[in-house]
Amino acid sequence: MTGEDLEGRLRCLPDGWDVGRLGDLPTAQVIGYGVTRPGAHTEAGVPMIRAADIQDGRLRGDEPRRIDPRVHEANRRSWLEIGDIVVVLVGRVGEAAVVQAEFQHWNASRTVAVIRTREPDEAAWLNLWLGSSAVRAWCERQATSSTLQRTLSVTALRKLPVPIPPAGLRAHLLRAMRLLEEKGATNARITECATKLSEAHFAREAGEGTPWPEQPLASLVHLVAGKPTPKPDDDGALSEPGTAFVAPADILQSKSPHLYTTERRLPSGKEGRVCAPGSLLVASREDGVRAVMSHVPTAVGRNVLALEPESVSDAYWLLHEICSRGAELVATAQGSAGRELSRKAFAAITVRWPSREVREQFARLAGRLHERARIADDESERLRELRDRLLDGFLSGTFPKGAKASGTSRTQPA
């Protein structure tokens, strides 16, 4: 099911189902977006959920943005409660997660909408619906474009059609989905552990007392500065197939240090300079610089730097070197939000540079760990596809076995 046929499909639900708009549901309240003026990052401040912290249906709190307690107190409306649903409004619009106990009384940023529900199953059902590919596609169609980001308004979000299943059928579906979520959580843990093991091994190699010589980055890689996003085609979308186009959000919001695909692609003739697989792609925000290794040819957008090293072993070493110094390297960026990376300033930084033998030995181990993380991520992607098929089966009345679709036409709420 695609975003285009979502509303038509919901007119033909099985008997006992209903449909309502998100903003009209009696058991859910769309509170709206969060803090519009968070101010500078405050190390001892209150954590704030951003769009980048919502990934694959879960909240990540490992590197939270923190706001001054006075700003937090002035924005009590967006204080998070257990069971709230947070929805991405900027970037990966429509992605959602349920707030767990560890995030209670955190705040939310302007890039996130907050939905408050009355009971856990209601939150689980809405989170499941919001996490479907059909709803993500619907949100994309409602979003507006800027140079770097897609933006979904709270007004549009309130109009999202929501199917309401009979209570018994809803419980049956949620039980099935919890099994998929548990396996997905295991895969996420595998990815996290493999990545942290790789980081720990780098920390040992780079800091175990050996005074490695330092080299200016410009002598080790070729740096490519990103260009503004080309204008979209007449239909308002960038064409596929084509070259993967990388904006800062693709790097900053990536859950992995590797990049295999992007949502936007450029057709031949519009991509400009194409960076080969194995390049390092770097972006910045005020709390740090982030880097990923690309595995496909890419064209980079404004405020993205591409680093083209001479070998895979050099790429793995530099990837970990940059990631380990993310907070320090933000000094090479310009602008109040620390997002405008200076090619000249970044090229001038010095990096620890051990012998080729050390770099190659590290790359062999890091490569195996990163490959294990990739396998877990691939399996999680298949689980998300299965989740969509299961949901589609419930909506059509073909699953569980014996449930029949009535084919009755339903009128969408105004």
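Modeller: Gladly! In this predicted model, arginine 374 pairs with glutamate 371 in a salt bridge, with 2.5 Å between the closest N and O atoms.

Biologist: Why is the contact between arginine 374 and glutamate 371 called a salt bridge?

Modeller: The cut-off is 4 Å between a side-chain nitrogen of Lys or Arg and a carboxyl oxygen of Asp or Glu. The closest N and O atoms here are 2.5 Å apart, so the pair qualifies. Arginine 374 also forms a salt bridge with aspartate 378, at 2.4 Å.

Biologist: Where do arginine 374 and aspartate 378 lie?

Modeller: Both are in helix α11, 4 residues apart, which is about one turn of the helix. Glutamate 371 is 3 residues from arginine 374 in α11 (residues 356-396), again about one helical turn.

Biologist: What makes arginine 170 count as buried?

Modeller: Its relative accessible area is 15%, and buried means under 20%, so arginine 170 is buried. Its side chain meets that of glutamate 119 in a salt bridge of 3.3 Å, N to O. Arginine 170 is in helix α6 and glutamate 119 in the loop between β10 and α3, so the pair ties together parts 51 residues apart in sequence.

Biologist: And is glutamate 119 buried or partly exposed?

Modeller: Partly exposed: 30% relative accessibility falls between the 20% and 50% limits.

Biologist: How do you know that β3 and β9 pair?

Modeller: Pairing needs at least two bridges; β3 and β9 have 2, in the parallel sense, so they pair.

Note on methods:
Residues numbered from 1 in each chain as written. Predicted model: local features only at pLDDT ≥ 70, side-chain atom pairs only at ≥ 80, totals over all residues. Heavy atoms only, no water. Buried < 20%, exposed > 50% of the residue type's maximum accessible area, 1.4 Å probe, protein only.
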